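Open the model in your viewer and keep the selection tool at hand.

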Amino acid sequence: MILDINRVTKNFGGLQALSDVSVSFARGEFAGLVGPNGSGKTTLLNCISGLYRSDTGSIRLKDKSITGLPPHRIYRLGIGRTFQISKVFNRLTVIDNLRIPALTEGKLNRQEVRKRSLEILKQIKLDHLTQSTAENLSGGQRKLLELGMVLMTDPQILLLDEPFGGVHPELKSELEEYLCLLNRNGKTIILVSHEMPSVFKICQRLVVLDHGMLLTEGSPESVRADERVISAYLGGCYET
Amino acid sequence: MIYLSQLANALVIGTLYALMSLGLSLIFGVLKLVNFSHGEFLMLGGYLYFLLAALKLPLPLALVLCIPLLFFVGLLVEKGFLRSPYQKKMARYDEYVILVTFALGIFLQNLALPIFGPYNRQAQPLFQGSVRLGELVIGADRLTGAIIAFFVIGGLLFFLYRTYYGKGLRAVAQNPAAASIVGIKVLRMRAVAFGLGITLAGVAGALFGPVFLVNPEMGTSFAVKAFVIVVLGGMGSIKGSIIGAYILAIVEIFGSIFLLDPSRALAYKDAYGLLLLVVVLILRPQGLFGEKERRA
Amino acid sequence: MKRLFAGVLFAIALAFPLFFKDYWLYVGIICLYYAMLASSWSMLAGQVGLISFAHVAFAGIGAYTSAFLVIQAQFPIPLAVTFGALASAIIGLGIGALTLRMRGPYLALTTLAFSEILRIFITAEHQLTQGSIGLQVPLIFGGNKIYSYYIGLFLFILTTVVLKLVLQSRVGLFLIAMREDEDGAATRGVNTVAFRLLAFVLTSAVAGLAGGYYAHVVGLVSPQMIRLGEMGLILAMSVFGGLESLLGAALGAVALHTLTEYLRIFAEWRLAIFGALVLFTLKFAPQGILPRLFIYAEIFMKRWMERPER
């Protein structure tokens, strides 16, 4: 198990975002984190990536505790994260956006960083926009840029929050292929998404949250047929 | 029994504080910005009332006339400086509004200085002398000011919670996108909120004027009090601003009684509020009733 | 083009005392004080995106610390000024640490409160500080304006070069990233805590240095230098000259302070005119009037150089 989340709780002044959530992820797995709106998926990602400090519980990366570490340390330890609304640096150029994560590591010198940036740019197919300012990119391009930024330091674990949001279908299937490729090359991917078709297609295991609690987990087929999951999404008033 | 008199005093002052802070809170709630020129609009109200009174207008009329004038100025400012950056989704909007409102405040203060001179002015209060309520003695000017403020606040609350426009304002404060979907004109609401917020500050200034004397610098110290109150009560919380106002008034009045060294006490009076502000901002930035900022 | 421009400015600055004496030389000295304050403030507010209203307070800390060390402990002036800058840097670190989680208006309010608390404290403790009358301070070089000017120029260039080097290094890139999206920067490996503190320490050290310089060339330190009006002036200078350019803000300072002198006729309306100028700049040229003029100049130069040969 590469990532262990143990009895994590997070409370926001009366709103219980996460209650006693425990789940583990295996190395190299491609997991989907799903659940209706407000179920705590993004909060869980925020706790893992260090933006929030969980109230109770622990999060361990390869048996080392990362609870309460600042976000930059967690990134350097190998957990990369993208956001529902892409966080790119608007007034910097695309290539500067990519250089930053690598520069913080300090492992590569300037030329090597530049070289790697150009490599990644080719991989995410944005090389024609190298010198463009990030704020001029379309929504889909920003998502790709964000992914590229995260990949600059080759993290072992990727936490992706709605990577398909607002992306047109052609780009979506390219993205799906790219993510599968990254997974085949050994990356552990935890995907939060509402795009059910994509999730069912590429994820090996689904973890379902509802109202901040772990509802169930399992293969896409078993989760899909699970009554509790269906009623959680549809509000419990519907019969299948 | 001296305490009772001071308490009454605190309640009176608190009502006036509440009036000016509600304006700040409203502006923050709907436009999501801290109006760093709020104190200067209070000063503007004070001078406006003074001018209208000096023109020999009947005093109640002078007071009432301030309202549309101030509202109009508020609309102008919003249209002139805040509208297009918001509409065009300017890159550093949050920082821009801090700079622009701060600059506006400095500008107004320095405009008042040559126009009105640095001396204190005193407008005619509506009633003079003092009022006896049993054992309490309160200045009539303060009491009338507080009573009028009380009714204005009441009117504001009625407006916010019972009228369409008021509910529109609250809707925009909670979620501009959702508000616009249900047909509320967000831009208009923002303008109204700003105009209204400014007017509340100005009316407070007009009511304060006879009590505290009007001078170009008065804006700063009242603005600081307003900031303390709004932060303490929680930015954007109406209830919080009202409660915070009374808390500050009580702390100020009883603080200066209990402090030992009288000569320094006066100098440090403003510092209490400032310290309270810093402490709240560091330890509990959402104040008593405000919302915690969520990330990502 | 920019290098040429900077070079020309440097030459002008160097030659300044040859053409201007006494009164205008003194104006030049004060311009240097404001230039240091404006450029460092613009780094914090413009490049890093942290609007702090405590900047003049740091200048005050530098000034008073230096003054005390010279008067009470007989420190030589250069050493005292250095310690003044150090004191400002340390307090800057403290403020930075206290405000780590703050952005935008919350940061502005806290720093504003701090500045006012300091001013009230200095005014109230008049046994210690002479209160609002101000503290008389020994002058450097016995008041020789020419030496004072060149020292000021040296300090200005030193601080600007240091700040510029930081901004052009990878640290500068990280700071801009933090400005654009602090959480985003953090999750991409930028140690936002450390760099935020660095930004505060650096800029408040510069402010403290400027304050110490001011103390010993003017000879008087008073709470007047910590008034919010002074902060407004720095804001005006930086906005006018260009928030995102160190040199721009410095030029804005020179421009506005010299304008102060020319506007003496209008006496009390001066500051209102400045206020109007700032509002005008913010509305029509938010990146600053000077950068806008620079762009026009560049366009003009380009057209002039590409004109068809006769």
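Are H3(A) and H5(A) roughly parallel or roughly perpendicular to each other? Before selecting them, note that this is a predicted model, in which local features need pLDDT of at least 70 and side-chain atom pairs count only at pLDDT 80 or more, while totals for chains, interfaces and linings use all residues. Residues are numbered from 1 along each chain as its sequence is written, and chains are lettered from A and ligands numbered from 1 in the order in which they are written.

**Stop 1: two helices of chain A**

Select residues 94–105 of chain A, helix H3, and residues 139–151 of chain A, helix H5. Helices here are DSSP runs (H or I, at least four residues), numbered from the N terminus. The two pack at an angle of about 30° with their axes 7 Å apart; axes are lines fitted to C-alpha atoms over the stretch in contact, and angles run from 0 to 180 degrees between N-to-C directions. H3(A) and H5(A) are therefore roughly parallel (angles under 35 degrees; 65 to 115 would be roughly perpendicular). Their crossing is right-handed, with the near helix turned clockwise from the far one by less than a right angle.

Now show A:Val94, A:Asn97, A:Leu98 and A:Pro101 on H3(A), and A:Leu145, A:Gly148 and A:Met149 on H5(A), which make the contact (C-beta atoms, placed from the backbone, within 7 Å). These residues divide into five nonpolar, two polar and no charged. Ala, Val, Leu, Ile, Met, Phe, Trp, Tyr, Cys and Pro count as nonpolar, Asp, Glu, Lys and Arg as charged, and the others, Gly among them, as polar.

**Stop 2: C:Leu37**

Move to helix H2 of chain C, residues 22–47, and pick C:Leu37. C:Leu37 counts as buried because it has 31 C-beta neighbours inside 10 Å (the cut-off is 20 or more other C-beta atoms within 10 Å). Not counting residues up to four places away in sequence, C:Leu37 touches C:His55, C:Ala59, C:Ala207, C:Ala210 and C:Ile234.

**Stop 3: chain C against chain B**

Select the contact of these chains: 34 residues from chain C and 36 from chain B. On chain C, helices H5 (104–124), H11 (228–241) and H13 (270–284) each supply at least two residues. H5(C) gives the largest share, 13 residues. The chain C side has 23 nonpolar, seven polar and four charged residues.

**Stop 4: chain C against chain A**

Finally, select the 17 residues of chain C and 21 of chain A that form this contact. The largest share of the chain C side, six residues, comes from H8(C).

Note on methods:
Two residues are in contact if their C-beta atoms, placed from the backbone, lie within 7 Å. A residue is buried if 20 or more other C-beta atoms lie within 10 Å of its own, exposed if 12 or fewer, and partly exposed in between; C-beta atoms are placed from the backbone. Angles under 35 degrees count as roughly parallel, over 145 as roughly antiparallel, 65 to 115 as roughly perpendicular and the rest as oblique.
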